[in-house]
Amino acid sequence: MRSFLKPAAGLTCLFALTVTGCSSSSDDSSDAAPSATREASTSPAESASPTPSDSSSSTSYAPYVSVTTADDTDSTGSPSTYNLAFAIAKGSTCTPEWNGTTAIGNAAVKSRIAALKTSGATVRVSFGGASGKELAETCTSVTALAKAYGEALDAAGSTQADFDIEGDTLTDSASVALRSKAIAALQKERTDLKVSFTLPVMPSGLDSDSLALLESANDNAVQVSTVNIMTMNYGESYTKDMGDYAITSATATHTQLKKVFGLSDAGAWQGMALTSMIGVNDVSGETFSLSDAAQVRTFAEEKEIAWVSMWSTFRDQQCESGSSDDDAATDCSGVTQSSGAFGEAFAG
């Protein structure tokens, strides 16, 4: 997904079930996937499954928001969780910053996060994104990386971490391995920490790099609540219905998660999340409409998918007359709509 760095002018215990060695601890403060049942026992390295929730398996709504700037559409649809975009490295250091521009302990950001929580919603810190350096690329040890992640989580008062890994970062095997080890170490310290991976997807499913990342999480005993797929930006040859593409992508990923983690049909759906880029996408010819959003919401409810999301609340408004393509990619949806209409559609 796009970063907030705008131009000038997308396991072990992935679904932590009742498997030896998998933690089944949970609380009421996240929209993590509900419990599912494994179909067969496996070795520890293969014992993957999503963390259970204490409540029903209904699909929640958890949009991506700017961690630094409030928008009138943030609360539309009454989100259960806000994904805070993004925590990345300060330059080439192992110091976390919000969007690489704002100190992690910035008082205004803390006030912003506190305001998001006043409705009873929780917040999930999203590490990575499309721009800047993910901390695993700049930190040089497991201890330092786990500490950096922990600092961002503490600053937000969050027990939920999302790792949005895409582009060159996804193909960097060294940072993938370091990240898995650091997350595992952090989960040993913070037994209530729930982790999601946000990954690019195609209608054919996750690519080999994304699958390798999940295998790395498995190998290092990371407990993952959800795999969140970015149903967007497929390529210029994908010019048909974006809602259909999202469902096709989810269906293909479902098959992959069953295979990788040995899950039941229900378990694989309940360990998945879907994030769409509303309106005009970064790829020419791809436009995700309000009807697409309603279609995805209905599908997610039918399959009991953990949560649906969108990029992003601050884009959930019609562009002003004369806006440029860059405006549509960063500040508005590029389609005709009322403010907050996508949030309402995704919330159901």
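## Overview of the chain

The chain exposes about 13100 Å², and carbon and sulfur atoms supply 49% of that area. The model described here is a predicted one. The chain has 348 residues, of which 57% count as buried. Its secondary structure consists of ten helices and 13 strands.

Strand β7 covers residues 160–164, and five of its five residues are buried, so the strand is largely enclosed by the rest of the structure. In a regular strand the side chains alternate between the two faces of the sheet. In β7, Q160, D162 and D164 point one way, while A161 and F163 point the other way; all of these residues are buried.

Strand β7 pairs with strand β6 (residues 122–128) through four bridges, and the two run parallel. Within this pairing, A161 of β7 is the bridge partner of V125. The chain passes from β6 to β7 by way of helix α2 (residues 142–156), and this β-α-β crossover is right-handed. Strand β7 is also paired with strand β8 (residues 194–200), again in the parallel sense, over five bridges. Here D162 stands opposite S196 of β8.

## Helix α2

After the helix comes G157, whose phi is positive, near 65 degrees.

The buried residues of α2 are L145, A146, A148, Y149, G150, A152, L153, A155 and A156. These buried residues pack against several elements, namely β3 (81–89), β4 (96–98), α1 (107–117), β6, β7 and α4.

## Helix α4 and residue S173

Helix α4, one of the elements against which the buried residues of α2 pack, comprises residues 173–189 and includes S173. The relative accessible area of S173 is 59%, which means that this residue is exposed, since the cut-off for that class is over 50%. The C-alpha atom of S173 is separated by 8.3 Å from that of L213, although the two residues are 40 residues apart along the chain.

## Helix α6

Helix α6 runs over residues 242–261. Its 20 residues, at 1.5 Å a residue, should span 28 Å, and its end C-alpha atoms are 28 Å apart, in agreement with that value. The helix is mostly covered, with 14 of its 20 residues buried.

Both ends of α6 can be described in local detail. At its start, a side-chain oxygen of D241 reaches to within 3.0 Å of the backbone nitrogen of G243. At the other end, α6 is followed by G262, which has a positive phi near 65 degrees.

## Residue T275 in strand β10

T275 is located in strand β10, which spans residues 272–277. The relative accessibility of T275 is 0%; the residue therefore counts as buried, because the class takes in values under 20%.

The side chain of T275 makes a polar contact of 2.9 Å with the side chain of N228. Apart from its neighbours within four places in sequence, T275 is in contact with M1, Y64, N228, I229, M230, T231, M232, W307, S309, M310 and W311.

Two cis peptide bonds may be noted. One joins A85 and F86, with omega about -10 degrees; F86 belongs to strand β3. Another leads from W311 to S312, with omega near 5 degrees. S312 is placed in the loop between β13 (307–311) and α9 (325–330), and W311 is among the residues in contact with T275.

Positive phi values also occur at residues other than glycine. A221 is not a glycine, yet its phi is positive, at about 60 degrees. This residue is found in the loop between α5 (208–219) and β9 (226–231), and at 48% relative accessibility A221 counts as partly exposed. E304, likewise not a glycine, has a positive phi of about 60 degrees. E304 lies in the loop between α8 (290–303) and β13, and its relative accessibility of 31% makes it partly exposed.

Conventions: Residues are numbered from 1 along each chain as its sequence is written. This is a predicted model: local features need pLDDT of at least 70, side-chain atom pairs count only at pLDDT 80 or more; totals for chains, interfaces and linings use all residues. Side-chain values use heavy atoms; hydrogens and water are left out. Buried means under 20% relative accessible area, exposed over 50%, partly exposed in between (1.4 Å probe, protein chains only). Accessible areas come from the Shrake-Rupley method with a 1.4 Å probe; for residues, only the protein chains shown count as cover. The expected span of a helix is 1.5 Å times one less than its number of residues. A polar contact is a pair of N or O atoms within 3.5 Å; within protein, one must be able to donate a hydrogen and the other to accept it, and residues adjacent in sequence count only if both atoms are side-chain atoms. Contact means heavy atoms within 4.5 Å. Two strands pair if DSSP finds at least two bridges between them. A crossover is right-handed if, with the strands pointing away from the viewer, the path from the first strand over the helix to the second runs clockwise.
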